[in-house]
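Please look through the sequence and the structure below before reading on. The briefing that follows is arranged by topic.

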Amino acid sequence: MKRLVSLLFIGALALLLLYVVSRMPPMGEPDNPTATRVVPRYLEKAEDETHTPNVVTGIILNYRGFDTMGEVTVIYCALAAVLAVLGRERRGRIRDYVELSGLPSSVIVRTMVALVVPFILLFSLYTIFHGETSPGGGFQGGAVIGASMIIFTTIYGLHLSSVKVPQRFRSPLEGSAVITFFLVGVLGFFGGGNFLTYAWPRVSEGLHPALVTWLTVLVEVGIGLGGAMVLISILFAMVREEGADEPLA
Amino acid sequence: MNLWHNFHYAVAMVLFCIGLYTVIMRRNIIKKIIGLNVMETSVFLFLVSIGYRKGGIAPIHGPGADPSRMVNPLPQALILTGIVVAVSVTALALSLVILLYRQFGTLDVSRLFREEEEEAG
């Protein structure tokens, strides 16, 4: 009975949604309202106003900077909540995935991971530092760093990866995204503008515009580092197992 | 009917319903979280495809980049925000699931409810 009602509800919802979608303007036409109202303003003025060639980065960090600062706070809060629920990891008290899976740890897998991880880190640095001129940015680069540590931890175990990224290194950097964003925002006052204006009014009066670009890159680096450390800490808190709490013999 | 032109939107809506079905019907909590992620992804797909335009180029200024041909950058920026929030929600949900499993030894919702009733009664 419950199953039938749920299916009916979902079916009705699907029909309604498909009907609405079929009445929307055709996708990708240049004269759609989504392409004619706000967006031309962004596309034409973004490079002069934000000094970042990538308009998406300009929107995230400059036009909607306040929004992104709140979002950075959200991931920090998520980390705080996860740590409040699970607790920080303790070193040396878990066996790695390869041991737990019952298969002998394969030399091929270990060698491949050790070879690939440095290149993944290099790619993530490229993604972070070129976020203002090419697709990418702090969040993406941070996620790539986190992914590389996920590979490393599943194969080499929590002990080794928490030696590589120790807690005394991670815990100050977890808040770096929020702190950099806030500091750069406060710099907006000294630039003669409001919070998070990236010294814009002074630039329009002749201050060197590269300053805005460098501040944007600084925020990107802060977000990348902070996001990566938050992801790694969440991973370590989850990987730690209650049953494996005894130290390894 | 524009359904054929808008089939990206239609796929997003179907994905949304699949995710909702998973959230409602599955009894395993991890599968419910996967369903939630499918719903989130369908919304991202919907918004990003709204920003698409035919023959558009990436919204990055540079030599040969014509602003009048660029795709809409606004949904992409919004979705970056959305993805981060989705990751945060998933991380928190999964950590609560880990705690539930340690406490009750099961991920089945109906069995969890039964355990809870037994503890209360």
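What is the mean pLDDT of chain A, and what percentage of its residues reach 70 or more? The mean pLDDT (the predictor's confidence in each residue, from 0 to 100) of chain A is 81, and 85% of its residues reach 70 or more. This is a predicted model, in which local features need pLDDT of at least 70 and side-chain atom pairs count only at pLDDT 80 or more, while totals for chains, interfaces and linings use all residues. Residues are numbered from 1 along each chain as its sequence is written, and chains are lettered from A and ligands numbered from 1 in the order in which they are written.

**Chain A**
- Chain A has twelve helices and zero strands, where helices (H or I, at least four residues) and strands (E, at least two) are DSSP runs numbered from the N terminus.
- Of the 249 residues of chain A, 38% count as buried, a term for residues with 20 or more other C-beta atoms, placed from the backbone, within 10 Å of their own.
- Over residues 244-249 of chain A, pLDDT stays under 50. Where pLDDT is low, the predicted coordinates should not be read in detail.

**The side of chain A that touches chain B**
- In contact with each other are 48 residues of chain A and 47 residues of chain B, two residues being in contact if their C-beta atoms, placed from the backbone, lie within 7 Å.
- Helix 5 of chain A gives the largest share of the side that touches chain B, ten residues.
- The residues on this side of chain A divide into 32 nonpolar, seven polar and nine charged; Ala, Val, Leu, Ile, Met, Phe, Trp, Tyr, Cys and Pro count as nonpolar, Asp, Glu, Lys and Arg as charged, and the others, Gly among them, as polar.

**Helix 1 of chain A with helix 1 of chain B**
- These helices pack at an angle of about 165 degrees, with their axes 9 Å apart, the axes being lines fitted to C-alpha atoms over the stretch in contact and the angles running from 0 to 180 degrees between N-to-C directions.
- Helix 1 of chain A and helix 1 of chain B are therefore roughly antiparallel, a term for angles over 145 degrees.
- The residues of their contact divide into 16 nonpolar, one polar and one charged.

**Helix 12 of chain A with helix 3 of chain B**
- Helix 12 of chain A and helix 3 of chain B pack at an angle of about 15 degrees, with their axes 10 Å apart, which makes them roughly parallel, a term for angles under 35 degrees.

Note on methods:
Parallel < 35°, antiparallel > 145°, perpendicular 65-115°, else oblique. Buried ≥ 20, exposed ≤ 12 C-beta atoms within 10 Å, placed from the backbone.
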